[in-house]
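Please open the model in your viewer, with the sequence panel beside it, and follow the stops below in order. Each stop names a selection and then describes what is found there.

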Amino acid sequence: MQTIDVIDSHTGGEPTRVVMRGAPALRATSLADAVRELREEHDDFRRSVINEPRGSEILVGALVLPAFESGNAAAVVFFNNATYLGMCGHGMIGVAITLAAEGTLEIGTHSIETPAGSVSVTLHTANRVSIDNVESFRLQKNVKLEVPGIGAIHGDIAWGGNWFFLVTDHGQLLVSENVDALVTFTVRIRAALDKSTLRGTDGAVIDHIELCGPPSAPALADSRNFVLCPGKEYDRSPCGTGTSARLACLLEDGELEPGQVWRQESITGSVFEAKATVRNGRALPTISGDAYLTARATLLYDPRDPLKL
Ligand code: PYC
């Protein structure tokens, strides 16, 4: 029987499933080619690791590969129920504590390749990790979007390793009890964005929607968010790439000083500590958070199973 070994963890409530053994052998000689090969030739691998009946839509998967570019300790491809991600902050924190538990990542700082660029990962303890993320920036500020069923809203288009549409004039209560309404609301925004001409750099689809609001308590955090990911699942963590995109906007608006700590709370109440410096007008964010192992498992693929893949 074919098997795939995985280790699951959660970062601020958002799960990461790291594939340890049993992934398809790839011919790729670059990380971009590896993602293309996975997408075009092995997409059943992504679906079978993440989706029912072995997983659930809220999982983010991570495939750790040997580094393609010298100077990096490893390369990682992140994927979810719908697609492959550029970078994943909560996922990278999960990967780091997983590799540490397996004895393949030591306490200290390591450069790791992602499709969005190399990031610097510092493993402080068995559970605490900081990520120096890719350069983050705002592409467009305060863009008006007509959303059927909602009306006119405004948002910033920003990059933090994935493309985000960040909305503050949403009028929504960012609390767990309201998640069904928040999913419906943000799915509508996503659909309106797709139909519009608004895009990221090089025509990239803006596939993450971030609603920004006040924290549950100023003593706990500076802001709370709700992030809809591609695949219509929402991030239970404060979203590392979404926090990076937010920092870029805050710095540009003068609402945050370089180096000032920003505590980003998620819809579930978990918090990332973040800060950023600025280089050539772009933010260099550092995101810190905790992750914990939740399972070691072997996924089984019975050849007699009609739902094998
Ligand atoms: O933490 O960057 C993140 C992330 C992206 C999608 C889910 N989590």
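**Enclosed space**

On a 1 Å grid over the protein atoms alone, a cavity is a set of points where a 1.4 Å probe fits but cannot get out, whereas a pocket is an open set with protein on both sides within 12 Å along at least five of seven lines, and lining residues are those with an atom within 4 Å of a point. Grid points are joined across faces, edges and corners, and a volume is the space filled by probe spheres set on the points. By this rule there is one cavity of 30 Å³ or more. This is a predicted model, in which local features need pLDDT of at least 70 and side-chain atom pairs count only at pLDDT 80 or more, while totals for chains, interfaces and linings use all residues. Residues are numbered from 1 along each chain as its sequence is written, and side-chain values use heavy atoms, with hydrogens and water left out.

Begin by selecting Glu-14, Val-60, Leu-85, Cys-229 and Asp-235, which are the closest to the centre of the largest cavity among the 22 residues that line it. The space in this cavity is about 160 Å³. Next, colour helix 3 (89-101) and helix 5 (240-252), each of which supplies at least two residues of the lining; helices (H or I, at least four residues) and strands (E, at least two) are DSSP runs, numbered from the N terminus. Sorted by class, the cavity lining holds ten nonpolar, eight polar and four charged residues, where Ala, Val, Leu, Ile, Met, Phe, Trp, Tyr, Cys and Pro count as nonpolar, Asp, Glu, Lys and Arg as charged, and the others, Gly among them, as polar.

**The largest pocket**

Now select Arg-39, Tyr-84, Leu-85, Gly-86 and Asp-207, which lie nearest the centre of the largest pocket, out of 22 residues that line it. Two or more residues of this lining come from each of helix 1 (31-41) and strand 5 (84-85), and helix 1 gives the most, with five residues. The volume of the pocket is about 500 Å³, and its lining is made up of twelve nonpolar, five polar and five charged residues.

**The second largest pocket**

The second largest pocket holds about 250 Å³ of space. To find it, select Arg-138, Asp-156, Thr-168, Cys-249 and Asp-253, the closest to its centre of the 16 residues in the lining. Strand 9 (137-147), strand 10 (151-159), strand 11 (163-167) and helix 5 are the elements that give two or more residues here. The lining divides into five nonpolar, four polar and seven charged residues.

**Single residues worth a selection**

Is Pro-15 buried or exposed? Pro-15, which is found in strand 2 (residues 14-21), is buried, with a relative accessible area of 13%; buried means under 20%, exposed over 50%, and partly exposed in between, using a 1.4 Å probe and protein chains only. Display its contacts (heavy atoms within 4.5 Å) and, leaving out residues up to four places away in sequence, Pro-15 touches Ser-9, His-10, Ile-58, Leu-59, Val-60 and His-90.

Move to the loop between helix 2 (43-50) and strand 3 (60-65), where Pro-53 is found, and inspect the peptide bond between Glu-52 and Pro-53, which is cis, with omega about 5°.

Then select Asp-202, in the loop between helix 4 (179-195) and strand 12 (208-213). Phi of Asp-202 is near 60°, a positive value in a residue other than glycine, and Asp-202 counts as exposed, at 80% relative accessibility. Asn-280, in the loop between strand 15 (271-279) and strand 16 (282-301), likewise has a positive phi, near 50°, and is not a glycine; at 72% relative accessibility, Asn-280 counts as exposed.

**The whole chain**

Finally, zoom out to the whole protein, which has five helices and 16 strands. Its radius of gyration is 19 Å, close to the 19 Å that the globule rule gives for 309 residues, so the protein is as compact as a globular protein of that length; the radius is taken over C-alpha atoms, and the rule is 2.2 Å times the number of residues to the power 0.38. The C-alpha trace spans about 55 × 45 × 35 Å along its principal axes, and buried residues make up 53% of the 309 residues.
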